[in-house]
Each structure stands twice: as C-alpha cells, then as structure tokens.
Amino acid sequence: MDYTKCAKEIFDTVGGRNNLVSAAHYATRLRLVTVDNSKIDMRKLENVDGVGIEPEEGIVAAPFDGEISTVAETRHAVGISGPCGMEVLIHVGIDTVAMKGDGFEVFVSEGDKVKAGQKLMAFDISKIKEAGYSTTTAVLLTNSDEYPDFKIVKKGQTNTMEKIFEIG
C-alpha cells in the first residue's frame, strides 16, 4: 500500500490540512478532529477503506463470526477480527468520543467470541444529534492493504447483515 498516497487522499476527503485540528493514529484507526465536518466528502472517504452508514436504529450487530479486538473506553467504537484475518472497526458517529460514553452501551468485551448478528452495542441516535454530532457510522476494514481485491459491493440503503464489502 502506498501510505503517502493514502494519507493525501484522506486529507483531501476531509477538507484539506487546514480543516484539521488534530490527527492521531492508533493501532486500529486514524482519528481526525476537523474544524468543519461539512467539508468532509463522506462518499470519497468511504472508498479509502470502508463505508459510512446513516443508521436508522441505534444498534450495532456483529457483521460476521469473530473475536472482539477493541472496545473504545468511551463505548462509541468496537473492533472485530474475523474470517481470513479481517480487522473491522465500527465507529459510531463523527467526533462522538467527546460524548465520553453518554448515550452508548456495549454488550461485549475485548477477547469475546461473537456470532454474526449478535448485538455488540446500542446507541441513542437522538442524544448524539442533540449533542451536535453526526451519527454517520464508519465500518472500516482497517487492514485493507492486506486484501488487494477489497471492494465495496453495496451502496445506498442497506439492511442489517447485508454485505457491504468483500475481500475477494
């Protein structure tokens, strides 16, 4: 993977370097704090390594059988490792880490084995919006560089458990 190219693409999709307040890279994700979220090109960003979902209900279900690899201390994100070594991060909302867990409930812990469709977390959509945050939920294949055939296979309205990307 060309990391320089990927970084430039991410910066471009979030409104450029001048729209960033801070950036931090963690083992499972890249965290960006922006000045103006409206400058983010979500459609373009989705194609970097995952998809953005506008949830209609506040439930996150396991997309496949796997093991919980990460649970954010603030309960707004969960990571799951699964088939063929896939590492998927599900991050509810944009900048919702600032809510410090208020409005989020997690039903799993790191190391738990889970089944496809199992409820991992719940969140209060109204509370997120009332706090001034977007509910756009990122579903990211954090190790997409290991899968050259990775592709998004579903856009638009999607039902729970419907395949949204595949690794080949």
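Trainee: Which element supplies the largest share of the lining of the largest pocket?

Mentor: Rolling a probe the size of a water molecule over the atoms shows where empty space is left. Here H2 gives the largest share, 4 residues. The model is predicted: local features need pLDDT of at least 70, side-chain atom pairs count only at pLDDT 80 or more, and totals for chains, interfaces and linings use all residues. Residues are numbered from 1 along each chain as its sequence is written, and side-chain values use heavy atoms, with hydrogens and water left out.

Trainee: Which residues lie nearest the centre of the largest pocket?

Mentor: A pocket is an open set of points on a 1 Å grid over the protein atoms alone, where a 1.4 Å probe fits, with protein on both sides within 12 Å along at least five of seven lines; lining residues have an atom within 4 Å of a point. Of the 40 lining residues, Ile53, Val139, Thr158, Asn159 and Ile164 lie nearest the centre. The space in this pocket is about 1,200 Å³. Elements supplying at least two lining residues each include helix H2 (42-49), strand E3 (50-53) and E4.

Trainee: In what order do the strands of the open sheet run?

Mentor: Helices (H or I, at least four residues) and strands (E, at least two) are DSSP runs, numbered from the N terminus; two strands pair if DSSP finds at least two bridges between them. The order is E4-E10-E8, with antiparallel pairing. Strands E4 (59-61) and E8 (104-106) are the edges, each pairing on one side only. E4 and E10 (residues 119-123) are joined over 3 bridges, and Ala61 stands opposite Lys119 in E10.

Terms used:
Grid points are joined across faces, edges and corners, and a volume is the space filled by probe spheres set on the points.
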